[in-house]
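Please read the following walk-through with the sequence and the model open side by side. It takes up charged side chains and then a sheet with its helices.

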Amino acid sequence: MRTHQCGELRTEHIGQTVSLCGWVATRREHGEKLAFIDLRDHTGLTQCVVDNAVDVRAEYVVRITGIVNARPSENTNDKLPTGQIELQDCVVEILNSADPPPFPISERADTVAETTRLQYRYLDIRRERMQKNIRIRAAVNSAIRRSMEDQGFVEVETPMLVPSTPEGAREFIVPSRQQPGSFYALPQSPQLFKQLLMVAGIDRYYQIARCLRDEDLRADRQYEFMQLDAEISFGDQDDVHTAIGAAVMAAARAAGKETGDIITMTWHEAMNRFGIDKPDLRFGMELNELTDVFAATEFKAFAGAAAIKGINAAGKAEEYGRNKLDAMTDKAKKIGAKGLVWLKVGPDGTLESPVAKFLSDTEQAELKRRLDAAPGDLLLIVADEWSMACEVLGTLRNDLGRPPVHEGPYKFLWVVDFPLFVGVDEASGRPKPGHHPFTQPHPDDVHLLETEPLKVRSQAYDLVFNGWELGSGSIRIHQPELQARVFGLLGITPEEADRRFGFFLNPFKYGAPPHGGFGLGIDRLVAILAGEENIREVIAFPKTQSGMDPMTNAPTPVDAKQLDDLGIRVLPPKA
């Protein structure tokens, strides 16, 4: 029906008779006889000069045939790739009429309420921004597949109806009609199946998998999400990083982005320098160690503190008045800190703060040196347990300095050597796993499992992109004896392990190779590459933050017969 698409025509097409199909973006009257129609498809716009009598309005679907001519010099539009030409002597064929849309099909729709955009998502996707995002996503998926297959990975589809494993995130449960009272779960990830594929000898598995978790939604989380899932046999952590890194770099190039190398940092270093295990490396404002500076201090808030750390919010002193500083202190306390100390550096270099008088001249001088303080800077200090000081200052660092997702360079980071256990359960006195219980301990720390478990590092790792956690993975335990030791520390008896994980662990008796893998969130990766702060902008049909779909009205009640067939009774909501 068409010879070209609407964004393709250039000056080299002048004199050709062409046919275009698309939607009427705008119609502008030009006297009594002529009108200008901007015709739009996913490639762009072309201006068409038509008879004013042609009855077309915005969003009509039309076919226009005409001759490509140069625009008059005074009417060229350098902002459009097609801005040097127009179609003249046009014949318009109406393929379908259209009601007036509920919002403009343009970037002005960004100001429309999100629920309205999602209610009419099929119109929202017509916009240039959404078309770009959806096509970036397609290019990323294609590049990932090519990269994985070039590296010898085999794509295998795993089940969508799986057994419930409630020790992880909250699951979506599916009732079984043929087995009344029994339920499937929708997969949180293909974790168990991909490890079984390693036992099965697949060697290198991958899948762009749909995963589901019944967790509260936010800017970087939906109920449904897409994940690059991969597993490697006879490989170590570096092998996994190499494979996933190659796929991610290919995805970035497919989106038209250039990145540097992926650097590696231990979990402890990330926490110590940035206060968070997914640091944004696009800006500085690193945490500085100050414990030794105040080792002999007489300031009670600092005296005896396990750790004292600080950051320099350069140039922020004037911006942060007392109300903002009080709000920042309240936030620190809500996180769990005892308090927050702030000091402003005055024009003459003196420290201005209610607590400055409690610090000796030596302490003040060394504090300014450590934080590289200059006039106009705002210094923030937390004295607390090491982990709390890191967490509070890491949060404030992001609040004060993190640039928008579309600004600055692209910074990838592998964070490695996470703790195998994260604290002790108060009720049982047993260590709590930092990852799933099948994560391989660091080989240098295995001897500490029974004596100092909180010092044991794991072979778990995260990939971080501009401060967003793209995904996580680990080398898995493949030896039954080591798995039994970890289960024992967690209080999981052999009988309980068989009941909960038997279908997964029993195959390991038949020769499980060393293996490890990774799961990478494609929604988050695409959002950053597209310059979006919210993954809903790169998903064709997402849910709102409340979990609703305004277009289909899902979730909806089901009729009584369906519930009867499943043996389900709906109880009234709890008061």
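Is R273 buried, partly exposed or exposed? This is a predicted model, and in it R273 has a relative accessible area of 28%. That value falls between the limits of 20% for buried and 50% for exposed, so R273 counts as partly exposed. Its salt-bridge partner is E269, with 2.7 Å from N to O. E269 is partly exposed as well, at a relative accessible area of 32%. Both residues belong to helix α6, which covers residues 267-274. R273 and E269 are four residues apart there, about one turn of the helix.

Side chains of opposite charge can pair when their charged atoms come close. Counting nitrogens of Lys or Arg within 4 Å of a carboxyl oxygen of Asp or Glu, the model has 44 salt bridges. Among them is the pair E59 and R126, whose closest N and O atoms are 2.7 Å apart.

Another salt bridge joins D124 and R117, where the closest N and O atoms are 3.0 Å apart. Here D124 is buried, at 0% relative accessibility, and R117 is buried too, at 4%.

Now turn to the sheet. Which strands form it, and in what order? The open sheet consists of five strands in the order β12-β13-β16-β14-β15, with antiparallel pairing. Its edge strands are β12 (288-289) and β15 (351-352), each of which pairs on one side only. Within the sheet, β14 (residues 341-345) and β16 (residues 378-384) are paired in the antiparallel sense over four bridges. To find this pairing in the model, look for W342, which stands opposite L380 in β16.

Helix α7, residues 322-335, lies across β14 and β16 and runs at about 150° to β14. Helix α9, residues 386-401, lies across β13 (307-313) and β16, and its direction is at about 10° to β13. Strand β16 therefore has both helices, α7 and α9, lying across it.

Definitions and conventions:
Residues are numbered from 1 along each chain as its sequence is written. This is a predicted model: local features need pLDDT of at least 70, side-chain atom pairs count only at pLDDT 80 or more; totals for chains, interfaces and linings use all residues. Side-chain values use heavy atoms; hydrogens and water are left out. Two strands pair if DSSP finds at least two bridges between them. Helices (H or I, at least four residues) and strands (E, at least two) are DSSP runs, numbered from the N terminus. Contact means heavy atoms within 4.5 Å. Axes are lines fitted to C-alpha atoms, for helices over the stretch in contact, and angles run from 0 to 180 degrees between N-to-C directions. A salt bridge is a side-chain nitrogen of Lys or Arg within 4 Å of a carboxyl oxygen of Asp or Glu. Buried means under 20% relative accessible area, exposed over 50%, partly exposed in between (1.4 Å probe, protein chains only).
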